[in-house]
Amino acid sequence: MRNEKTTEDVALGIRRRVFEHSIRNNGGYLSQACSAAEQLAWLYNEELTLGAPTLPLIPEPFGGVPSAENAGYHTGAGYNGPAAPEFDRLFIAPAHYALVAYATLIEVGRMAPEGLEMFNQDGSSVEMIGAEHSPGMEVHNGTLGIGLSTAAGLAWGRKRRGEPGRTWVFMSDGEVQEGQTWEAVQACAFHGIEVKAIMDVNDQQCDGAMSSVMEVGDIRTKFETFGAACVEIDGHDLGAMRDAVREPHAGKPLIILARTNPFHSMPILEERFPRLHYVRFKSDDERARFNVSIAADLGVDPIDYAQ
């Protein structure tokens with residue numbers, strides 16, 4: 001399943017949808033759209049080999065947890081297509097990127113725009129923090145650090161079965177503060193698991209700048225020391241992503257460090273840096289100013305949020 005849009009257009013569309021949602025709802029994950037739009041657009045529009053979605057374009061309500069009495073339970077991975085041997089699998093490790101992930105699914109035709117109207121509504125599967133039943137999600141990754149481990153386990157199993165499909169992870173840099181991330185890299189290197197990951201390195205997290213929470217040092221050197229092949233790129237440069245994925249990594253995990261700007265394409269957000277994890281407007285004036293400024297940057301009309 002291939003999209004006719006260019007990857008540049010998909011990235012712009014992601015930002016526009018997240019912007020509109022955030023203005024209408026007086027808050028949202030704007031900075032994640034700034035930093036990660038190109039990465040998710042590239043994965044879905046170019047890099048991943050996925051089949052057609054197996055779930056309805058308009059997401060169904062939350063269907064309950066798996067149990068013997070809930071035979072119809074399914075995860076949200078169906079929006080990425082069937083889990084067949086020939087297809088790739090994607091784990092979105094930072095579940096708070098869910099709004100950006102949903103916008104991506106819409107832009108590449110895997111989910112209907114109506115899905116965003118269900119965001120964070122009672123009884124909806126379109127959760128604010130993506131869970132395993134949320135569109136595009138296969139497991140619950142609300143605890144940062146477990147995404148790479150989960151993907152490594154799946155990739156190891158696929159390798160043993162001889163499946164040609166690849167296993168990808170989208171990560172955030174806050175996860176390098178978790179020991180489980182390093183254990184996963186070490187295990188991949190030891191067992192020859194060639195899982196691939198692209199990490200949004202935007203140097204900020206929930207409590208502020210990365211350096212103010214826990215200094216992590218030279219993460220490229222750390223990844224290489226733990227046994228990964230590691231490439232560092234400009235995370236807004238699609239050409240660099242296309243080159244990075246060709247880095248030889250036989251018998252090793254590949255980690256692409258995508259260095260990004262959390263107010264890229266929305267420069268007014270710099271006023272709030274480094275408190276950009278979730279942007280809720282502090283006043284009517286700020287909301288109006290951000291609306292006008294970001295709309296101009298994204299080439300759209302300001303949002304009429306009074307409706």
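Tutor: Before we start, one rule: two residues are in contact when they have heavy atoms within 4.5 Å of each other. Also keep in mind that this is a predicted model.

Student: Okay. Which residues of helix 1 meet helix 3?

Tutor: By that rule, Asp9, Val10, Gly13, Ile14, Arg17, Val18, His21 and Ser22 do. On the helix 3 side, their partners are Leu99, Val100, Ala103, Thr104, Ile106 and Glu107. Sorted by class, this contact has seven nonpolar, four polar and three charged residues.

Student: What makes helix 3 mostly covered?

Tutor: Buried means under 20% relative accessible area, and ten of the ten residues in helix 3 are buried. Among them are Tyr102, Leu105 and Glu107. The buried residues pack against helix 1, helix 2 (30–47) and strand 1 (89–92). Just after helix 3 comes Gly109, with a positive phi of about 80°.

Student: Is His74 buried or partly exposed?

Tutor: Its relative accessible area is 34%. Buried would be under 20% and exposed over 50%, so His74 is partly exposed.

Student: Where is His74, and what is it in contact with?

Tutor: His74 belongs to the loop between helix 2 and strand 1. Leaving aside neighbours within four places in sequence, His74 is in contact with Leu55, Glu60 and His133.

Student: How do you know that strand 2 and strand 3 pair?

Tutor: Count the bridges. Pairing takes at least two, and strand 2 (residues 167–172) and strand 3 (residues 196–201) have five, in the parallel sense. One spot to look at is Ser172, which stands opposite Asp200 in strand 3.

Student: And what makes strand 1 and strand 6 the edge strands?

Tutor: The open sheet has five strands in the order 1-2-3-7-6, with parallel pairing. Strand 1 and strand 6 (229–234) each pair on one side only. On average, neighbouring strands here are turned by 20° against each other, direction ignored.

Student: Which helix lies across strand 1, strand 2 and strand 3?

Tutor: That's helix 4 (residues 146–161), running at about 175° to strand 2.

Note on methods: Residues numbered from 1 in each chain as written. Predicted model: local features only at pLDDT ≥ 70, side-chain atom pairs only at ≥ 80, totals over all residues. Heavy atoms only, no water. Helix = DSSP H or I, 4+ residues; strand = E, 2+ residues; numbered from the N terminus. Nonpolar A, V, L, I, M, F, W, Y, C, P; charged D, E, K, R; others polar. Buried < 20%, exposed > 50% of the residue type's maximum accessible area, 1.4 Å probe, protein only. Axes fitted to C-alpha atoms, helices over the stretch in contact; angles between N-to-C directions.
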